[in-house]
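User: I am new to this structure and would like to go through it in questions and answers. Please begin with the charged pairs and then move on to the contact between the chains.

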There are 2 protein chains.
Amino acid sequence: MRSKLNDFIDQNKILIEKEMSKHLDNLSIPERLKKSMTYSIEAGGKRIRPILLIASYNAYNKNTQRTLSAAIALEMIHTYSLIHDDLPAMDDDDLRRGKPTNHIVFDEATAILAGDALLTYSFELISNDSALNENEKVKMIQLLAQASGPKGMVAGQFLDMEAENNEIAIEQLERIHTLKTGELLRFAIIGGAYLGGATSEQQKHLREFAFYLGLIFQVQDDILDVMGDPELIGKPTGSDEGNMKSTYPKLLGTKGAIDKKDEYVTKAKEALILANANESYLMELTDYFSQRDH
Amino acid sequence: MRSKLNDFIDQNKILIEKEMSKHLDNLSIPERLKKSMTYSIEAGGKRIRPILLIASYNAYNKNTQRTLSAAIALEMIHTYSLIHDDLPAMDDDDLRRGKPTNHIVFDEATAILAGDALLTYSFELISNDSALNENEKVKMIQLLAQASGPKGMVAGQFLDMEAENNEIAIEQLERIHTLKTGELLRFAIIGGAYLGGATSEQQKHLREFAFYLGLIFQVQDDILDVMGDPELIGKPTGSDEGNMKSTYPKLLGTKGAIDKKDEYVTKAKEALILANANESYLMELTDYFSQRDH
């Protein structure tokens with residue numbers, strides 16, 4: 001039997017994907033540029049970030065329509081970051097979720113521009129959203145730019161590149177993940193809650209929740225690289241082992257990494273209770289992401 | 001004797017550069033990422049776009065303070081586009097304004113991320129500006145995202161790459177320049193006028209002005225590549241000749257290109273008169289840009 005959580009995830013995934021494709025389809029832009037943007041947007045993925053944004057909003061408010069531009073913008077920014085991260089000058093990945101990466105299907109120049117285009121268009125989308133008032137648009141753009149820019153995700157990607165081939169301490173590892181993955185998750189949680197009308201006290205606890213959720217994500221990523229099923233993950237496992245990259249299992253052992261993750265799950269849930277969000281899907285989503293197999 | 005126009009240009013150039021450096025300096029971000037962003041921002045340039053924005057605003061309003069975040073964001077977006085355009089996968093340029101390009105001084109990964117960072121930070125800057133109200137912030141972000149994204153500058157860069165090694169008609173050449181260069185100039189003119197309080201009738205004529213100004217820019221760029229002084233321009237001339245790139249002098253001859261430019265200058269000034277902006281610096285700036293030697 002399917003759970004309510006699974007229905008929530010599936011329904012919103014379909015909604016988000018439909019909305020993204022519709023927006024891209026309606027753009028009057030050069031054909032091949034559109035194809036490149038659409039290719040990466042439609043290449044799949046779990047749509048974790050927009051689903052979290054909607055779940056966080058729903059903890060305080062029900063009219064999901066008001067979350068759509070921010071949810072889509074967030075997923076587009078996540079997608080742009082993957083396109084740029086996969087470039088030869090960056091992580092040089094030919095495959096992503098089992099499919100050829102953007103610069104392999106198109107070319108490097110097109111991939112760079114498709115990323116730039118998705119990033120820029122995200123802000124336009126929010127600025128155009130008639131379901132939000134002007135204060136809300138400014139606040140969402142501000143939060144999203146902070147989360148994804150040089151103080152957020154871009155800094156994380158930069159530090160991750162700098163750390164390559166260097167052994168680093170767990171504190172630095174956490175800092176990188178907090179920036180690279182955590183900042184967009186935090187935007188999902190805080191942006192969604194803000195739009196839903198959470199108080200600043202509730203938002204404070206949600207920042208704590210988002211912090212631990214980001215770490216849970218990363219620990220589980222690292223664990224899957226050691227113990228996961230390559231077919232489910234869509235890429236070979238063991239890729240972290242061969243290089244000098246610092247991971248939780250390498251620093252703490254596999255058992256230690258799992259214990260660490262459980263500790264983070266407990267702390268995340270404590271924060272959710274303080275934010276009065278414990279009856280929302282955020283509670284179940286925490287377990288869901290902690291136990292995901294891909 | 002120095003003209004009033006020269007004073008206007010110099011004073012605003014200093015103001016813009018000081019403001020940009022101050023903002024970057026205050027960012028708490030990884031050191032080398034900041035250095036890379038700052039390197040390209042401080043690598044010089046005429047600051048044409050923010051100066052036009054301020055001049056356009058001044059045609060209707062005097063308090064320049066209200067233009068600063070948009071002026072700086074615009075120059076940062078222009079700078080990001082140069083960093084990405086210079087990458088090996090794009091135009092593969094080692095020099096820009098006589099100095100090594102960003103990826104030569106740093107590395108490709110850092111250059112990609114510095115560009116992404118400047119683009120994202122531009123929107124944050126406007127969203128943070130306490131001199132603007134929320135309506136103004138949303139409108140400026142919307143205009144800037146449209147001008148620089150997949151419907152604007154990014155489309156122009158994409159089409160320019162596609163057209164490489166193909167002979168194209170003058171209509172297609174104009175389309176590329178209108179997108180690649182014209183859209184940001186148009187933002188400067190329309191964004192500045194909007195903030196300054198221009199009526200929608202006046203803005204309509206300014207869109208016409210901006211269209212011709214963009215073409216004037218490009219024709220003069222092409223002419224300088226044939227007739228200019230490499231020392232003043234900061235790069236070798238004749239670079240367009242060796243490749244198949246379509247230019248105005250190639251399509252119309254040098255004399256024909258100059259005539260075309262003069263025709264555009266006349267049309268640009270007619271539009272300025274209709275926009276009641278003929279007593280502003282925009283009039284003199286049109287001649288200034290038409291006759292620039294670098």
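User: In this predicted model, which residue forms a salt bridge with A:Arg32?

Analyst: The closest N and O atoms of the pair are 2.9 Å apart. A:Arg32 is partly exposed, with a relative accessible area of 31%. The partner is A:Asp107.

User: Is A:Arg47 buried or exposed?

Analyst: The side chain of A:Arg47 meets that of A:Glu17 in a salt bridge (2.8 Å, N to O). This pair links distant parts of the chain, with A:Glu17 in helix H1 and A:Arg47 in the loop between H2 and helix H3 (48-58), 30 residues apart. A:Glu17 is partly exposed at 25% relative accessible area. A:Arg47 has a relative accessibility of 3%, which is under the 20% limit, so A:Arg47 counts as buried.

User: Which residues are linked with A:Glu17 and A:Arg47 in a network of salt bridges?

Analyst: The structure holds 30 salt bridges over all chains. The network that includes A:Glu17 and A:Arg47 also takes in A:Lys13 and A:Glu75.

User: What separates A:Lys267 and A:Glu263 along their helix?

Analyst: The two side chains meet in a salt bridge at 3.6 Å, N to O. A:Lys267 is partly exposed at 32% relative accessibility, and A:Glu263 is partly exposed at 34%. Because they are four residues apart in helix H13 (residues 248-274) of chain A, the separation is about one helical turn.

User: Which element gives the most residues to the side of chain A that touches chain B?

Analyst: In the contact between the chains, 45 residues of chain A meet 45 residues of chain B. The area buried between them is about 3,900 Å², and carbon and sulfur atoms give 75% of this area. The rule finds two salt bridges across the interface. Among the elements that give two or more residues to this side of chain A are helix H2 (31-41), helix H4 (68-86) and H6, and the most, 14 residues, come from H6(A).

User: How far from A:Asp116 is the nearest side chain of opposite charge?

Analyst: A:Asp116 lies in helix H6 (residues 108-128) of chain A. Among its contacts beyond four places in sequence are A:His84, B:His84 and B:Asp116. A:Asp116 is buried yet has no salt bridge. The nearest side chain of opposite charge belongs to B:Lys180, at a distance of 12 Å.

User: Which residues touch the most other members of the largest nonpolar core?

Analyst: In soluble globular proteins, nonpolar side chains tend to be buried together. The largest nonpolar core here has 185 residues. One of its most connected members, B:Leu52, touches residues including B:Leu185, B:Ile189 and B:Phe289. The residues asked for are A:Leu52, A:Leu206, B:Leu52 and B:Leu206.

Note on methods
Residues numbered from 1 in each chain as written. Chains lettered and ligands numbered in written order. Predicted model: local features only at pLDDT ≥ 70, side-chain atom pairs only at ≥ 80, totals over all residues. Heavy atoms only, no water. Core = buried A, V, L, I, M, F, W, Y, C linked by side-chain atoms within 4.5 Å. Buried < 20%, exposed > 50% of the residue type's maximum accessible area, 1.4 Å probe, protein only. Contact = heavy atoms within 4.5 Å. Lys, Arg positive; Asp, Glu negative; His and termini not counted. Salt bridge = Lys/Arg side-chain N within 4 Å of Asp/Glu carboxyl O. Buried area = accessible area lost by both parts, 1.4 Å probe.
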